[in-house]
Amino acid sequence: YFLEMNTRLQVEHPVSEWICGLDLVEEQIKVARGEKLKFTQEDLKILGHAIELRICAEDPSNNFLPSIGTLEKFHLPNLENVRLDSGYTEGMEIPIQYDPLIAKLIAWGNNRSEAIQNLIDAINNFTVEGIKTTLGFGKFVLEHPDFISGKFDTNFIPKNFNPKEWEKT
């Protein structure tokens with residue numbers, strides 16, 4: 001039985017693409033055209049680990065309220081095993097009327113620890129100016145012992161994140 005069925009790709013589809021080596025967008029278009037998939041279930045193998053960070057135009061120190069303005073700088077250098085999906089570029093306006101998601105930062109590694117480190121390296125090398133984003137908060141989470149150990153739940157933010165302390169960083 002299905003609890004839920006989505007006939008669309010989820011925001012996190014790059015994670016699945018990276019660990020299975022498929023372009024799911026391409027495959028979905030083929031299905032829509034009535035074409036046959038180029039693989040079977042038995043062909044699918046999990047290769048390594050991938051992790052995704054949603055970069056939102058939000059201010060973690062202000063209860064994650066939206067941050068609007070101009071993306072004065074928005075640049076990720078070309079890093080191995082890192083992917084950036086975004087519809088925004090430098091100079092664009094981040095409006096209040098839409099979802100605050102401005103990009104997805106995805107990293108791959110041979111294992112979870114390597115994928116996490118690759119994502120941290122990407123955050124450290126990402127330049128964003130003009131608005132507040134969740135990049136730094138993402139790094140806080142990735143480096144937190146509870147996240148590293150895998151012992152976290154939906155109460156992670158109330159238990160571990162203090163916006164007053166965040167303002168000092």
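I started at E58. Leaving aside neighbours within four places in sequence, I find E58 in contact with F64, L65, P66, S67, P100, K132, T133 and T134. Contact here means heavy atoms within 4.5 Å. I place E58 in strand β2, residues 58-59. Helices are DSSP runs of H or I with at least four residues, strands are E runs of at least two, and both are numbered from the N terminus.

Ground rules, before going on. I am reading a predicted model, where local features need pLDDT of at least 70, side-chain atom pairs count only at pLDDT 80 or more, and totals for chains, interfaces and linings use all residues. I number residues from 1 along each chain as its sequence is written, and my side-chain values use heavy atoms, with hydrogens and water left out.

**Entry: confidence**

I checked pLDDT, the predictor's confidence in each residue, from 0 to 100. The protein chain has a mean of 91, and 96% of its residues reach 70 or more. Among its elements, helix α7 (residues 163-167) has the lowest mean, 73, while α3 has the highest, 97.

Buried means under 20% relative accessible area, exposed over 50%, and partly exposed in between, using a 1.4 Å probe and protein chains only.

L65 is one of the contacts of E58, and I find L65 in strand β3, residues 65-66. L65 has a relative accessible area of 43%, so I log it as partly exposed. Again leaving out neighbours within four places in sequence, L65 touches A57, E58 and D59.

**Entry: nonpolar cores**

A nonpolar core is a set of buried Ala, Val, Leu, Ile, Met, Phe, Trp, Tyr and Cys residues joined through side-chain atoms within 4.5 Å. The largest one holds 29 residues, and I51, I102, L105, L119 and L142 touch the most other members. Which elements give two or more residues to this core? I list β1 (49-56), β8 (101-109), α3 (112-125) and α4 (135-143). The largest share, 6 residues, comes from α3. Apart from this core lies another, of 5 residues, among them V15, I19, I106 and W108.

Beyond four places in sequence, its contacts are I51, E52, L53, L105, A107 and L142.

I turned to β1. This strand is mostly covered, with 6 of its 8 residues buried. β1 pairs with β8 in the antiparallel sense over 8 bridges. A pair of strands needs at least two DSSP bridges. E52 stands opposite I106 in β8.

F137 sits in helix α4. I get a relative accessible area of 10%, so F137 is buried.

**Entry: helix α1**

In α1 (residues 13-20), I find H13, P14, V15, E17 and I19 buried. Their cover includes α2 (24-32), β1, β6 (82-86) and β8. G21 follows α1, and its phi is positive, near 70 degrees.

**Entry: salt bridges**

My rule: a side-chain nitrogen of Lys or Arg within 4 Å of a carboxyl oxygen of Asp or Glu. I count 9 salt bridges this way.

E27 and K30 meet in one of them, at 3.8 Å, N to O. These two are 3 residues apart in helix α2, so about one helical turn separates them. Both E27 and K30 are buried; for E27 the relative accessibility is 4%.

K38 is exposed, at 55% relative accessible area.

D85 forms a salt bridge with K104, the closest N and O atoms being 4.0 Å apart. This pair links distant parts of the chain, D85 in strand β6 and K104 in strand β8, 19 residues apart. K104 counts as buried, at 10% relative accessibility.
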